[in-house]
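Open the model in your viewer and keep the selection panel at hand.

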Amino acid sequence: MGSDIGANIRRLREEHEWSQARLAREICRAAGLAGDPVGRQEVSRWENGKRTPREWLSFIATALGVSEETLRTPQAPAEPPLPTLADFLPGDDPLRPLEAHAGRRIGMGAVDDLQQRVHGLRLADDVLAGGDLIRPALRELRSAVKLYREGTHSGEVGRQLLRQIGELTQIAGWIASDAGQHEEAERVYRLGISAARQAEDHTLAGNIAGSLAYQFSNTGRESEGLTLAHAALNDAGSKAPPKARALYLDRVAWAHTKAGGIENGQQAMRALGEAGEALSEDGPGTESPAYLYWVDAGELRVMESRVYAELRRPLRAVPLLREVLGGYDATHTREMALYLSWLAVALADANEPEEAAAVAERVITLAADISSERTAERVRVILARLRKCAEVPEVATLLAEHQAA
């Protein structure tokens, strides 16, 4: 019975597009209680069947606009339920405020200061690598979580702090992943998904989840990456801004690509087409979060070219990659090295080993000055691919010079 009630609470909450924190507030309001006797964690326990909300059942029903009987009645789903981002939340609640608030009163000024620091870190990541930024990024994240948990603030200030913590986790997780600290990145991303959902910012939650899905896809966890990429897209829904939907679909395309197989390849191409359609809906009158400033038609071409390269369709990949690289900002050294690495692989697949070796040499030169595990891994991929044509003099010379790599 408890599991049926929990499943119904979750289903009805998601139909309302409420976070667990929002439902907790609505239950307290229905009960006429001040404060927060019911919190997100208690709602989570009910939904997972760990507890039965006995004395709270009538208030839950009132908050959700249904009868108690509706909450008790088992539902027979027509098909298996889709995974949601709730499945990827941390097991505990690392953002739970301390019961005894000893910190200072936090106002919107502190939120604005944090927002500026988050944006500065994001801009720094455009030109610096993960190894250079991971310490300040994690230090900033710890400070932000401490500010939220130990300070006292109004409900609106708390939600805005959670939103900024979510944005900070996205960039901090990205930096940690680039530095090769994947377990730390996963922990940070999961914290961010929780923060964004508690702030009821579904667009931000989808962005963070997409970043974690991308890491899964690139680190041997392709099945999890595919599941999470689709959950990010489904949870955000059709109301997400066009740029956000384009980004989610880009992540879905990459997840299908890395999962391998003919059907996944077809799904990847379909997702790329849908990403282009979503972005075409963006215009002067459309508002998008500031953190999506980099999502444009050029970035979609980047992903399309990488998908073609990964699917070993070099005749499509090489022209696209040349086009992308021809107009790319040379100050973004890491991205330049990464995109060149896919060009090198595509040239090798196109039976152009001499040119592939020349491009690979450029990648290796750039990567030598970058503290990035992503670029280091791409160098290893290139050299492994070129070993298949080691009889070509230019390739043999390159391999001899970089045998240690």
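The tour goes from a pocket to a helix and then to a cavity. Bear in mind that this is a predicted model.

**Stop 1: the largest pocket.** Select Trp174, Tyr214, Arg306, Glu335 and Leu338. Of the 49 residues that line the largest pocket, these lie nearest its centre. The space there comes to about 1,200 Å³. Now colour the helices around it. Those giving two or more residues to the lining are H6 (108-127), H8 (155-178), H10 (202-218), H12 (242-259), H14 (297-310), H15 (314-326), H16 (333-349) and H18 (373-386). Which helix gives the most? H14 does, with eight residues.

**Stop 2: helix H16.** Select 333-349, one of the helices in that pocket lining. Is H16 mostly covered or uncovered? Mostly covered: 15 of its 17 residues are buried. Check its length by picking the end C-alpha atoms, which are 25 Å apart. Step just past the helix to Asn351, where phi is positive, at about 65°.

**Stop 3: the largest cavity.** How many cavities of 30 Å³ or more does a search of the whole structure find? One. The largest cavity holds about 30 Å³ of space. Select Ser19, Gln20, Ala21, Arg40, Leu89, Arg197 and Gln198 to show its lining. Helices H2 (20-31) and H9 (182-198) each give two or more of these residues. By class, the lining has three polar, two nonpolar and two charged residues.

Definitions and conventions
Residues are numbered from 1 along each chain as its sequence is written. This is a predicted model: local features need pLDDT of at least 70, side-chain atom pairs count only at pLDDT 80 or more; totals for chains, interfaces and linings use all residues. Side-chain values use heavy atoms; hydrogens and water are left out. On a 1 Å grid over the protein atoms alone, a cavity is a set of points where a 1.4 Å probe fits but cannot get out, and a pocket is an open set with protein on both sides within 12 Å along at least five of seven lines; lining residues have an atom within 4 Å of a point. Grid points are joined across faces, edges and corners, and a volume is the space filled by probe spheres set on the points. Helices (H or I, at least four residues) and strands (E, at least two) are DSSP runs, numbered from the N terminus. The expected span of a helix is 1.5 Å times one less than its number of residues. Buried means under 20% relative accessible area, exposed over 50%, partly exposed in between (1.4 Å probe, protein chains only). Ala, Val, Leu, Ile, Met, Phe, Trp, Tyr, Cys and Pro count as nonpolar, Asp, Glu, Lys and Arg as charged, and the others, Gly among them, as polar.
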